[in-house]
Amino acid sequence: MSARVGLIERFRERLPFGPDDPVVSMGEGSTPLVEARALSERVGARVWLKLEGLNPTGSFKDRGMCCAVSAAVREGSEAVICASTGNTAASAAAYAARAGLRGAVIVPEGKIATGKLAQALVHGARVVVLHGNFDDALRLVRELVEHHPISLVNSVNDYRLEGQKTAAFELVENLGGDLDGLCIPVGNAGNVTAYWKGFQELDRSPRLFGFQAEGAAPLVLGAPVAQPETVASAIRIGNPARWEEAMAAFTASRGEVRAVSDAEILDAYAFLAQREGVFCEPASAASVAGLLKYGAGGCERIACVLTGHGLKDPQTALDRAGGVIPCEPDLAALERAVLG
Ligand code: AN7
């Protein structure tokens with residue numbers, strides 16, 4: 001059996017890396033695309049789920065981070081930094097550790113899912129909890145890197161988009177030209193921008209349907225949101241960095257950016273877990289919530305991007321799920337507990 005190769009090795013001719021460039025990789029990419037039977041039935045179209053939670057640190061960010069950190073090493077950088085709602089922080093911390101670089105991550109106070117915080121800490125990054133939101137954090141790190149020789153690895157870094165566009169390559173590989181629509185959660189709007197770049201490089205134009213949480217929907221409202229709020233903490237972003245590019249992609253693809261409520265997100269999250277056997281984090285479920293709410297828009301074959309793993313945010317899962325059943329250690333009690 002051959003080892004799983006990482007993105008740069010797999011797609012090098014379409015990425016800005018030469019054969020002798022340093023590569024910091026953990027076999028990211030090549031994620032499963034699974035057909036979603038129950039969802040397809042409800043929507044009246046064939047729907048697939050792209051399981052980006054199966055990347056090395058549990059989110060799609062690893063695609064971009066592999067390229068951003070490899071480029072940082074090539075440039076001789078000694079440290080990387082990012083602002084993050086959690087997944088970018090976890091990924092940056094892991095890839096920095098692997099590269100032997102110092103990592104600093106700036107996260108909003110009280111709004112980062114437990115698993116992501118644990119990841120950033122365990123990889124040895126300097127974790128700074130900002131008394132402010134993601135947008136404040138991103139503004140500040142952009143200023144900071146102007147004064148210090150530290151590589152910024154947010155998706156304002158073009159290498160991030162280069163890595164993330166490879167997910168579109170994989171979809172085209174798996175589904176060929178038959179993909180009509182892509183449903184994707186939108187926060188800082190880097191990922192949807194990257195998918196569009198990837199599709200365009202292969203001369204494909206599926207319709208892009210982006211979904212924001214109602215309380216954090218600047219692209220839908222057409223104006224920044226000063227105090228974004230949503231249960232989907234990963235996309236609690238009020239002023240996306242890739243605003244114009246993402247809007248251009250929605251327009252060019254004859255797609256749309258729309259909002260889903262937290263209740264709709266959590267319903268889709270539970271549906272995926274209970275009917276498809278797929279555990280994603282709440283932000284990821286926004287893609288499916290949007291598909292369920294607005295329908296397939298005439299598309300026959302649709303892929304939903306499930307951006308992060310459900311284990312990232314165990315607290316939301318526990319808050320939503322039924323309780324456990326306590327049991328005395330005897331057979332009659334066990335029968336009651338199991339069958340009652
Ligand atoms: C699971 O980690 O912004 O529209 O700092 O973690 O490219 O921002 C995360 C974003 C969707 C939105 N799903 O992607 C961060 C961060 C999950 C995410 C998004 C994020 P973008």
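Mentor: Before we start, a crossing of two helices is left-handed if the near helix is turned anticlockwise from the far one by less than a right angle. Please keep in mind throughout that this is a predicted model.

Trainee: With that in hand, in which sense does H4 pass H5, left-handed or right-handed?

Mentor: Helix H4, residues 87-99, packs against helix H5, residues 114-122, with the axes 8 Å apart and an angle of about 25° between them. Because angles under 35 degrees count as roughly parallel, H4 is roughly parallel to H5. The crossing in which H4 passes H5 is left-handed.

Trainee: Which residues of H5 make the contact with H4?

Mentor: On the H4 side the contact is made by Asn-87, Ala-89, Ala-90 and Ala-93. By class, the contact of H4 with H5 contains four nonpolar, two polar and one charged residues. The residues that H5 contributes are Lys-116, Gln-119 and Ala-120.

Trainee: How many residues of the contact of H8 with H9 are nonpolar?

Mentor: From H8 the contact takes in Ala-167, Ala-168, Phe-169, Leu-171 and Val-172, which meet Tyr-195, Gly-198, Phe-199 and Glu-201 in H9. Divided by class, the contact of H8 with H9 has one charged residue, one polar residue and, as the number you asked for, nonpolar residues to the count of seven.

Trainee: How many residues of H9 are buried?

Mentor: Helix H9 covers residues 190-201 and reaches 17 Å from its first C-alpha to its last, close to the 16 Å expected at 1.5 Å a residue. Its buried residues include Tyr-195, Gly-198 and Phe-199, each of which also takes part in the contact with H8. H9 is mostly covered, and of its twelve residues the number buried is nine.

Trainee: And how many of the ten residues of H8 are buried?

Mentor: Among the buried residues of H8 are Thr-166, Glu-170 and Leu-175, together with Ala-167, Ala-168, Phe-169, Leu-171 and Val-172, which meet H9. H8 is mostly covered, and the buried number among its ten residues is eight.

Trainee: Is Asp-203 buried or exposed?

Mentor: Asp-203 is found in the loop between H9 and strand S8, and its phi is near 60°, a positive value in a residue other than glycine. Most residues other than glycine have a negative phi. Since over 50% relative accessible area counts as exposed, Asp-203, at 71% relative accessibility, is exposed.

Trainee: What is the phi of Arg-254, about?

Mentor: Arg-254 is found in the loop between helix H11 and strand S9, and at 57% relative accessibility it counts as exposed. Although Arg-254 is not a glycine, its phi is positive, at about 55°.

Trainee: What is the relative accessibility of Ser-59?

Mentor: Ser-59 lies in the loop between strand S2 and helix H3. Not counting residues up to four places away in sequence, Ser-59 touches Glu-52, Gly-53, Asn-87, Thr-307, Gly-308 and Lys-312, and Asn-87 is one of the H4 residues in the contact with H5. Ser-59 counts as buried because its relative accessibility is 0%.

Key. Residues are numbered from 1 along each chain as its sequence is written. This is a predicted model: local features need pLDDT of at least 70, side-chain atom pairs count only at pLDDT 80 or more; totals for chains, interfaces and linings use all residues. Side-chain values use heavy atoms; hydrogens and water are left out. Helices (H or I, at least four residues) and strands (E, at least two) are DSSP runs, numbered from the N terminus. The expected span of a helix is 1.5 Å times one less than its number of residues. Buried means under 20% relative accessible area, exposed over 50%, partly exposed in between (1.4 Å probe, protein chains only). Axes are lines fitted to C-alpha atoms, for helices over the stretch in contact, and angles run from 0 to 180 degrees between N-to-C directions. Angles under 35 degrees count as roughly parallel, over 145 as roughly antiparallel, 65 to 115 as roughly perpendicular and the rest as oblique. Contact means heavy atoms within 4.5 Å. Ala, Val, Leu, Ile, Met, Phe, Trp, Tyr, Cys and Pro count as nonpolar, Asp, Glu, Lys and Arg as charged, and the others, Gly among them, as polar.
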